[in-house]
Amino acid sequence: MSMNGYNGDEKKHIVSMRLNNNDRNAIQMMASRLFVRESELYRFAVNTLLNRMDKLHDPDCTGSDLLPLFIELREELNQNLSFKKQQLFKIVNNGNAHPDKFVAMTDIELLLLPQHLLRQRLLQIEDALSVREQNISVWLERYFAVKYGLDKTLNKNLEADES
């Protein structure tokens with residue numbers, strides 16, 4: 001079984017979605033340029049999404065375990081899904097996050113702020129000042145890494161960003 005839960009024996013389903021003309025034209029142009037059918041490009045997009053968001057497949061992955069995912073996709077998710085703070089709080093803490101993994105609402109709010117407001121808010125957080133960075137995304141990652149003791153994977157990503 002692959003990462004997305006699909007194996008060759010499973011029944012396939014037809015799914016309908018609405019796209020604006022610009023998006024549909026872009027998909028058609030990409031498919032043509034890649035010499036593939038549009039449907040293959042849509043399947044590729046879905047598989048890519050499932051792989052990038054794989055932590056959401058695991059019900060035991062809650063609280064601070066999800067922060068690297070939401071940091072990485074912060075702008076894309078905000079732009080496309082328009083999460084509200086209560087909604088994201090429920091997603092991250094899942095109603096039963098282990099106390100060691102619980103993410104405070106004030107930190108959830110940071111994930112929803114646009115860049116210019118995020119910088120202002122981080123400047124007001126004493127613990128964030130000690131890991132201050134010019135790059136606002138790296139700064140947010142460092143703040144969460146220190147505060148929530150995020151795993152070595154996030155720290156490796158931070159080191160790669162510096163070089």
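This is a predicted model: local features need pLDDT of at least 70, side-chain atom pairs count only at pLDDT 80 or more; totals for chains, interfaces and linings use all residues.

Colleague: At what angle do helix 6 and helix 9 pack?

Modeller: About 160 degrees, with the axes 12 Å apart. Helix 6 covers residues 105-112 and helix 9 covers 136-148. Angles over 145 degrees count as roughly antiparallel, so helix 6 is roughly antiparallel to helix 9.

Colleague: Is the crossing of helix 6 and helix 9 left-handed or right-handed?

Modeller: Left-handed.

Colleague: Which residues make the contact?

Modeller: Helix 6 brings Asp 107, Leu 110 and Leu 111. From helix 9 come Leu 140, Tyr 143, Phe 144, Lys 147 and Tyr 148. Six of the contact residues are nonpolar, none are polar and two are charged.

Colleague: On to charges. What does Asp 107 form with Lys 147?

Modeller: A salt bridge, with the closest N and O atoms 2.7 Å apart. Asp 107 is in helix 6 and Lys 147 in helix 9, so the bridge ties together parts 40 residues apart in sequence.

Colleague: Is Asp 107 buried or exposed?

Modeller: Buried, at 1% relative accessibility. Lys 147 is partly exposed, at 39%.

Colleague: How many salt bridges does the structure hold?

Modeller: Nine. One of them joins Arg 24 and Glu 38, at 2.8 Å from N to O. Arg 24 sits in helix 1 and Glu 38 in helix 2, 14 residues apart. Both are partly exposed: Arg 24 has a relative accessible area of 36%, and Glu 38 has 21%.

Colleague: And what is the N to O distance for Arg 121 and Glu 109?

Modeller: Their closest N and O atoms are 3.5 Å apart. Arg 121 lies in helix 7 and Glu 109 in helix 6, so that pair ties together parts 12 residues apart in sequence.

Colleague: Which residues are linked in a network of salt bridges?

Modeller: Arg 52, Glu 72 and Glu 76.

Colleague: Where is Ser 82?

Modeller: In the loop between helix 4 and helix 5. Ser 82 has a positive phi too, about 50 degrees. Ser 82 counts as partly exposed, at 42% relative accessibility.

Note on methods
Residues are numbered from 1 along each chain as its sequence is written. Side-chain values use heavy atoms; hydrogens and water are left out. Axes are lines fitted to C-alpha atoms, for helices over the stretch in contact, and angles run from 0 to 180 degrees between N-to-C directions. Helices (H or I, at least four residues) and strands (E, at least two) are DSSP runs, numbered from the N terminus. Angles under 35 degrees count as roughly parallel, over 145 as roughly antiparallel, 65 to 115 as roughly perpendicular and the rest as oblique. A crossing is left-handed if the near helix is turned anticlockwise from the far one by less than a right angle, and right-handed if clockwise. Contact means heavy atoms within 4.5 Å. Ala, Val, Leu, Ile, Met, Phe, Trp, Tyr, Cys and Pro count as nonpolar, Asp, Glu, Lys and Arg as charged, and the others, Gly among them, as polar. Buried means under 20% relative accessible area, exposed over 50%, partly exposed in between (1.4 Å probe, protein chains only). A salt bridge is a side-chain nitrogen of Lys or Arg within 4 Å of a carboxyl oxygen of Asp or Glu.
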